[in-house]
Structure formats: structure tokens, C-alpha cells
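Here is a short note for a colleague opening this model for the first time. Please keep the sequence and the 3D view side by side while reading.

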Amino acid sequence: MAFLQPEAEKRRITLDFTPQPGGAPARLDPARVKQVVLNLVGNALDAVEDEEAQGREVHVRVDAEGPCWRLTVSDLGPGVPDEKKDALFRLFESTKPAGTGLGLPIADRIVRAHGGSLALHSRKGEPTRAVATFPKLS
């Protein structure tokens, strides 16, 4: 998150992070999970960039969810059109004019390789949420 904060400030976007109190121990490849965070938060920053002042916010939090840790990235952008939702996790499919269509598929593969799951929740009028789960250290 510290890596992304200057980019958010440059774009005049509020980026806040709420970690799990006491940490979130898990067996993770730090470089690969960092890529997941970069992809998810980068998408959220892009989504809110053209929004009015009250919508220029991205929230990131880590919570406990049963046997997993849940990483949630939420934004107040325009959301994902219904007709594009099915394609989001396919390679080279993007909702952005200059998008490569690699961010979400790569993030999904990394999360699944760690034994977790990745989902995107987007409904008109509600924050868009990318939710990745990772197994807790047992």
C-alpha cells in the first residue's frame, strides 16, 4: 500500500488501508501477492479517476473470514457493465480503452495458486468490490 499511496495522491484520490489487527499470518509468496494488490488497487484507482470529488476514494482492508483472510478493495467508480462481467477474468478482455486484459486474470491465477479465490462484485449504485481470500496459516 505504501508503494501505491504516492500514485493515489498524484491523482488526487483518497486511498485508505485497514489492516487486520495483529497481522494476517499466511503462507504466501510476497512478490506474487504484491502483484495481486497492485492489480486490484490499480484497477480501483483507474475506476475512480474520472469521478466527482466524493467518488474519488479507494478502500482496502484485510479481515478474518473463517479459515481465510479476506482482502477487499472497494471503489466508488461507475462499476462494471452487466454485459462485460462474464469476460473480466478472461485473458485480453478489458473494460478500459487502454487495458491489456491481463490484470484480473493474472490476479485470479495467483490467488487460486495460493488456495484462495477472487471475486468481483459490482452493482449499479453500490461500491465495486474485488475480494480475494487466502488461507490462514494453520
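This is a predicted model: local features need pLDDT of at least 70, side-chain atom pairs count only at pLDDT 80 or more; totals for chains, interfaces and linings use all residues.

1. Start with the strands. Five of them form an open sheet, and their order is β1-β2-β3-β5-β4. The pairing is mixed. β1 and β4 (117-121) are the edge strands, each pairing on one side only. On average, neighbouring strands of this sheet are turned by 15 degrees against each other, direction ignored.

2. One strand pair. Strands of a sheet pair through backbone hydrogen bonds, either parallel or antiparallel. Which sense applies to β3 and β5? Strand β3 (residues 68-75) pairs with strand β5 (residues 128-135) in the antiparallel sense. Eight bridges join this pair.

3. Helix α2. Now turn to the helices. α2 covers residues 30-48. This helix lies across β1, β2 (57-65), β3, β4 and β5. Its direction is at about 25 degrees to β3.

4. Helix α4. Residues 103-113 make up α4. Which strands does α4 lie across? They are β4 and β5. The angle between α4 and β4 is about 140 degrees.

5. A loop residue to check. Arg-12 sits in the loop between α1 (5-10) and β1 (14-18). Its phi is near 60 degrees, a positive value in a residue other than glycine. Is Arg-12 buried or exposed? Arg-12 is exposed, because its relative accessible area is 70% and the cut-off for exposed is over 50%.

Note on methods. Residues are numbered from 1 along each chain as its sequence is written. Side-chain values use heavy atoms; hydrogens and water are left out. Helices (H or I, at least four residues) and strands (E, at least two) are DSSP runs, numbered from the N terminus. Buried means under 20% relative accessible area, exposed over 50%, partly exposed in between (1.4 Å probe, protein chains only). Two strands pair if DSSP finds at least two bridges between them. Axes are lines fitted to C-alpha atoms, for helices over the stretch in contact, and angles run from 0 to 180 degrees between N-to-C directions. Contact means heavy atoms within 4.5 Å.
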